[in-house]
Amino acid sequence: QVQLVESGGGSVQAGGSLRLSCAASGYTIRWSCMGWFRQAPGKEREGVAGSYIGGGRTDYADSVHGRFTISQDNAKNTLYLQMTSLKPEDTAMYYCAARTTCTRNTWLLGKTNYPYWGQGTQVTVSS
């Protein structure tokens, strides 16, 4: 079955960087859609970055555009989220999500589009 395991979270100061990883198993990410979502205490889960890996399309939330980069290593079957210029408001639990089949019309930042989720990794940014 599909499994997603995130890693790479931690505590950093504002302005710092982190790289999150999401190791996928049970399917090949090459032709799928995958995304990164986050949820802060008391807030709804929101889409941060998404990738239609097979179609070469990415999308980002306005709040992270230009600071975060989503990428993947097909050989390692792993998705990444490079986060730079981190801000205290980026503090949240970050989740990896996957949809094994998708099209160019799939909304990459819509959490209801993803049936598979990882357990999350905490990112804390201090000012």
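This note goes through the cores, disulfides and salt bridges of a predicted model.

1. Basis. The model is predicted, so to speak of local features requires pLDDT of at least 70 and side-chain atom pairs count only at pLDDT 80 or more, while totals for chains, interfaces and linings use all residues. Residues are numbered from 1 along each chain as its sequence is written, and side-chain values use heavy atoms, with hydrogens and water left out.

2. Main core. The largest nonpolar core has 30 residues, and Leu4, Met34, Leu81, Met83 and Tyr94 have the most contacts inside it. At least two residues of this core come from each of β3 (18-25), β4 (33-39), β5 (46-52), β7 (68-73), β8 (78-83), β9 (92-99) and β11 (121-126). A nonpolar core here is a set of buried Ala, Val, Leu, Ile, Met, Phe, Trp, Tyr and Cys residues joined through side-chain atoms within 4.5 Å. Buried means under 20% relative accessible area, exposed over 50%, and partly exposed in between (1.4 Å probe, protein chains only). Strands are DSSP runs of E, at least two residues long, numbered from the N terminus.

3. Another core, of seven residues, lies apart from the largest one; Phe37, Ala97, Leu108 and Tyr114 are among its members.

4. Disulfides. The structure holds two disulfides (cysteine sulfur atoms within 2.5 Å). Cys22 is joined to Cys96, S to S 2.1 Å. The torsion about this S-S bond is about -75°, so the disulfide is left-handed. It links distant parts of the chain, Cys22 being in strand β3 and Cys96 in strand β9, 74 residues apart. Both Cys22 and Cys96 are buried.

5. The other pair. Cys33 is joined to Cys102, S to S 2.2 Å. Here the torsion about the S-S bond is about 95°, so the disulfide is right-handed. Cys33 sits in strand β4 and Cys102 in the loop between β9 and β10, 69 residues apart. Cys33 and Cys102 are buried. With the bonded cysteines numbered in sequence order, the pairing is 1-3, 2-4.

6. Salt bridges. The count comes to four, a salt bridge being a side-chain nitrogen of Lys or Arg within 4 Å of a carboxyl oxygen of Asp or Glu. One of them joins Glu44 and Lys111, with the closest N and O atoms 3.8 Å apart. Glu44 lies in the loop between β4 and β5 and Lys111 in the loop between β9 and β10 (116-117), so this pair ties together parts that are 67 residues apart in sequence. Glu44 is exposed at 64% relative accessibility, and Lys111 is partly exposed at 35%.

7. Salt-bridge network. Arg38, Glu46, Arg67 and Asp90 are linked in a network of salt bridges. Within it, Glu46 meets Arg38 at 2.7 Å, N to O. Arg38 is buried, with a relative accessible area of 6%, whereas Glu46 is partly exposed at 34%. Asp90 meets Arg67 at 2.8 Å, N to O, and both of these residues are buried.

8. Two buried loop residues. Arg67 lies in the loop between β6 and β7 and has 11% relative accessibility. Leaving aside neighbours within four places in sequence, Arg67 is in contact (heavy atoms within 4.5 Å) with Gln82, Met83, Thr84, Ser85, Leu86, Lys87 and Asp90. Asn77, in the loop between β7 and β8, counts as buried at 13%. Not counting residues up to four places away in sequence, Asn77 touches Cys22, Ala23, Ala24, Ser25, Tyr27, Thr28 and Ile29.

How values were computed
Helices (H or I, at least four residues) and strands (E, at least two) are DSSP runs, numbered from the N terminus.
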